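Good morning, and thank you for coming.

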Amino acid sequence: RIYFLIDGGKQTIKEKNLEFIIKGDSKIISIAAASIVAKVFRDKLMTDLEEVYKGYKFSKNKGYGTKFHREAIKKLGLSDIHRKSFNLKKFL
């Protein structure tokens with residue numbers, strides 16, 4: 001049987017093989033390791049995407065709302081990889 005430990009508060013997902021653990025990355029070593037792997041993967045992906053989406057400097061900000069990144073969005077608009085569901089008003 002597969003059992004999933006998920007970092008974060010309980011979601012509306014109703015599955016018997018899921019356990020949501022608040023601050024799980026500081027409590028469970030496998031969640032912490034998965035978090036590191038995910039961050040390294042995402043950072044590499046953002047660096048690679050800089051070649052496709054010029055002007056956002058993803059290799060520098062990894063898509064986080066730095067001052068430069070906010071200014072790039074104002075100037076260039078949202079790309080098709082920006083999360084439209086994310087509340088960008090606080091960044092712009």
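A salt bridge, as I use the term, is a side-chain nitrogen of Lys or Arg within 4 Å of a carboxyl oxygen of Asp or Glu. Residues are numbered from 1 along each chain as its sequence is written, and side-chain values use heavy atoms, with hydrogens and water left out. The model is predicted, so local features need pLDDT of at least 70 and side-chain atom pairs count only at pLDDT 80 or more, while totals for chains, interfaces and linings use all residues.

How many salt bridges does a search of the whole structure find? The search finds four. One of them joins the side chains of Lys 54 and Glu 51, at 3.3 Å from N to O. Both Lys 54 and Glu 51 are exposed; by relative accessible area, exposed means over 50%, buried under 20%, and partly exposed in between, with a 1.4 Å probe and protein chains only.

Another salt bridge links Lys 44 to Asp 48, with 2.8 Å between N and O. These two residues lie four apart in helix H1, about one turn of the helix. Helices here are DSSP runs of H or I with at least four residues, strands are runs of E with at least two, and both are numbered from the N terminus. Lys 44 has a relative accessible area of 51% and is exposed, whereas Asp 48, at 39%, is partly exposed. In helix H3, Glu 71 and Lys 74 are three residues apart, about one helical turn, and their side chains form a salt bridge of 3.7 Å, N to O.

Let us now consider helix H1 itself. Its 21 residues should span 30 Å at 1.5 Å a residue, and its end C-alpha atoms are 30 Å apart, which agrees; the expected span is 1.5 Å times one less than the number of residues. Which residues of H1 are buried? They are Ile 31, Ala 32, Asp 43, Met 46 and Leu 49. Seen down the helix axis, these buried residues fall within an arc of 125°, so they line one face of H1; the arc is taken over directions from the axis to the C-beta atoms. Strand E1 (4–7), strand E2 (18–21) and H2 are among what covers them. On the face turned away, H1 carries the exposed residues Ile 29, Ile 36, Val 37, Val 40, Phe 41 and Lys 44.

Met 46 and Leu 49 also belong to the largest nonpolar core, together with Tyr 53, Tyr 56, Phe 58, Ala 72 and Ile 73. A nonpolar core is a set of buried Ala, Val, Leu, Ile, Met, Phe, Trp, Tyr and Cys residues joined through side-chain atoms within 4.5 Å. Helix H1 (29–49) and H3 each give two or more residues to this core.

Finally, I turn to Lys 62, in the loop between helix H2 (58–61) and helix H3 (67–76). Is Lys 62 buried or exposed? Lys 62 is buried, yet it has no salt bridge, and the nearest side chain of opposite charge, Asp 43, is 5.5 Å away. For charge, Lys and Arg count as positive and Asp and Glu as negative, with His and the chain ends not counted. Beyond four places in sequence, Lys 62 is in contact (heavy atoms within 4.5 Å) with Arg 42, Asp 43, Met 46 and Thr 47.
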